[in-house]
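The tour moves from one selection to the next.

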Amino acid sequence: MGKFTTFAEELRSRGISKLYICGLATDYCVCETAIDGADQGFSVVLLEDLTRGIAPDTTRRAKARMRSAGVEIQTVDQLLT
């Protein structure tokens, strides 16, 4: 059987230290992925205009949780300028 490698280890082995996160749903899958990345020591950027949440109140809470975990929230325009 081959060596087990975590996703974080695989990313690090490829020299990746920064993660750009987007998708559905901001208040669930996206939030947990972004926080997991930050907890693993990656620099994490949520691309806010490329995500959508399920409900406004849970999306606001998720963004607050991500900010508290050290996730930077940007738009694509901010990233490109």
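Select threonine 26 and threonine 51: their side chains are joined by a polar contact of 3.1 Å. A polar contact here is a pair of N or O atoms within 3.5 Å; within protein, one must be able to donate a hydrogen and the other to accept it, and residues adjacent in sequence count only if both atoms are side-chain atoms. This is a predicted model: local features need pLDDT of at least 70, side-chain atom pairs count only at pLDDT 80 or more, and totals for chains, interfaces and linings use all residues. Residues are numbered from 1 along each chain as its sequence is written, and side-chain values use heavy atoms, with hydrogens and water left out.

Now widen the selection around threonine 26. Not counting residues up to four places away in sequence, its contacts (heavy atoms within 4.5 Å) include Cys31, Thr59, Ala62, Lys63 and Met66. Is threonine 26 buried or exposed? Its relative accessibility is 1%, so threonine 26 counts as buried (under 20% relative accessible area; exposed is over 50%, partly exposed in between; 1.4 Å probe, protein chains only).

Show the cartoon. Threonine 26 belongs to helix H2, residues 26-39. Helices (H or I, at least four residues) and strands (E, at least two) are DSSP runs, numbered from the N terminus.

Step back to alanine 25, in the loop between strand S1 (18-24) and H2. Check the peptide bond from leucine 24 to alanine 25: it is cis, with omega near -5°.

Last stop: leucine 79, in helix H4 (residues 76-80). Leucine 79 counts as partly exposed because its relative accessibility is 33%.
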